[in-house]
Amino acid sequence: MNLQEKITQLNHQFPKSFRDEFYIPKGKNGNSMTYLCGNSLGVQPKCVNSFIQNELIKWSEFGVEAHFEGTQPWMYFHHYSKTQIGKLVGAFENEVVMMNTLTVNLHLMLTSFYLPTEKKNKIIIESSAFSSDRFALESVVRNHGLNPDNVIIAVNPTTENGIINFQDICNLINENADELALVLLGGVNYYTGQYFDIENITKACHIANAKMGVDLAHAVGNVPLKLHDWEVDFAVWCSYKYLNAGPGGVGGAYVHEKHFKSNLPKLAGWWGHNEATRFLMNATKFDPTETVDGWQLSNAPIINLACLHASLSIFEKAGYDFVFEKGKAMSDLTYSLLSDKKFEKYFKIITPANQSERGNQISLFFYNNSDEVFQQLREKNILGDMRKPNVIRFAPVPLYNTFEEIVKLYNALEEILLMPA
Ligand SMILES: *Cc1c(COP(=O)(O)O)cnc(C)c1O
């Protein structure tokens, strides 16, 4: 089957298109961009405008009373995304809440789930963990009076491409079992695009009697997740990448329901307090909601959440299976085209070849001139995103990218690398 036939077949297999529901950023000469960096900032759903307008109208018509008046009263605004978010991360509605931003939520979770003792205080993370996660962890460790160098154990990559084998993570967990307090992993690594076997790492972690936390920044909306069934203890994520909720979009948090009654230490604020008595200003004793909502601090960011609701309405329309199945087909096509032998002198793919170990993102490591390639792609209206010094990431997003755009990337790389002017 030639490439053209293959694309025809894929379009046949995935006939629904939601591209028209989004604004695709304009490139040069008024042509629309081949936007392959939805892993960094998802594009704007067209319906965001009306979702925001609804809240502005409520504000103008009801003022403070919009907390209890109109459709979707603000008092309960953080409830309205629970069904869809629960489906995206594989959790019950009372296990997920959208609040704050990712790093803030990570701190809130570490307050509850990193409870070091003299004997058990070690933390395992990826050596290539995202900077913010690492900074957050180190600061928390120091605030416990411990030295990060003695406590934080980084799993080094198994391969020179930066991929960590499942067995290496498990071995490290087993070796440190007596002293291990926590394992924190990115669900999908932001750099290599590696999707970890969260289920089985969680099992190993629990055998070591440690807590399992995941940062889903690059996983939510990208790969199917089953946090509850996998018994992950906690998770955090942001909504401006694959969830298209816009810059600075609201973060998310998940806590497994088995922890709801265990009275874990928490940072407290009025929005975590029992809903029935939240507005009784003479309440002097913090009475946390017995769900993940008990971790909330402040009242919900309404406009921010309205943007998320807009995007989730498109996920809901498309169907979650469609998103994940088309995503797999897109990453397979990208992987197979870019692993063409003719490119091997110029770059290698560092994302795992095995489909179950990756999501949509394919990361290319360039042996040289990655800046120049990036610029030349940009000239051709193709936008990936650059992770200096030499990796360019491309993420075809099933809701708004097309199979044709992947072919366009392939042709552009061919022109830039193999037929330089
Ligand atoms: C994008 C990303 C973040 C961003 O953190 P914010 O607190 O939302 O700014 C954190 N961790 C990872 C792994 C990310 O990819």
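The following dialogue goes through a few features of this structure and the definitions behind their names.

Student: What should I know about the model before we start?

Tutor: This is a predicted model, in which local features need pLDDT of at least 70 and side-chain atom pairs count only at pLDDT 80 or more, while totals for chains, interfaces and linings use all residues. Residues are numbered from 1 along each chain as its sequence is written, and side-chain values use heavy atoms, with hydrogens and water left out.

Student: Why is the contact between R19 and E405 called a salt bridge?

Tutor: A salt bridge is defined as a side-chain nitrogen of Lys or Arg within 4 Å of a carboxyl oxygen of Asp or Glu, and the side chains of R19 and E405 meet at 3.2 Å, N to O, so the name applies. R19 lies in the loop between helix 1 (3–13) and strand 1 (22–23) and E405 in helix 13 (residues 403–418), so the pair ties together parts that are 386 residues apart in sequence. Helices (H or I, at least four residues) and strands (E, at least two) are DSSP runs, numbered from the N terminus. By this salt-bridge rule the count comes to 23.

Student: How do you know whether R19 is buried or exposed?

Tutor: Buried means under 20% relative accessible area, exposed means over 50%, and partly exposed lies in between, with a 1.4 Å probe and protein chains only. R19 has a relative accessible area of 19%, so it is buried, and E405, at 6%, counts as buried too.

Student: What makes K258 and D233 a salt bridge, and how is each of them classed by accessibility?

Tutor: The side chains of K258 and D233 meet at 3.8 Å, N to O, and the cut-off is 4 Å, so this pair also qualifies. The pair links distant parts of the chain, with K258 in the loop between strand 10 (252–255) and helix 10 (302–318) and D233 in the loop between helix 9 (227–230) and strand 9 (234–237), 25 residues apart. K258, at 39% relative accessibility, counts as partly exposed, whereas D233 is buried with 2%.

Student: How do you know that the length of helix 2 agrees with what a helix should span?

Tutor: The expected span is 1.5 Å times one less than the number of residues. For the 15 residues of helix 2 (residues 48–62) this gives 21 Å, and the end C-alpha atoms are 21 Å apart, so the two agree.

Student: Why are the buried residues of helix 2 said to line one face?

Tutor: V48, E55 and K58 are buried in helix 2. Seen down the helix axis, its buried residues fall within an arc of 105°, so they line one face, where the arc is that of the directions from the axis to the C-beta atoms. The face turned away from the buried side carries the exposed residues S60 and E61.

Student: Which residues form the nonpolar patch on the surface, and what makes it a patch?

Tutor: Patches are made of residues with over 30% relative accessible area and no salt bridge, where like charges are joined within 9 Å and nonpolar side chains (Val, Leu, Ile, Met, Phe, Trp, Tyr) within 5 Å. F68, Y76, W270, F279 and M281 form such a patch, with about 530 Å² of accessible area together, an area that comes from the Shrake-Rupley method with a 1.4 Å probe, only the protein chains shown counting as cover for residues. M281 has a relative accessible area of 62% and is therefore exposed.
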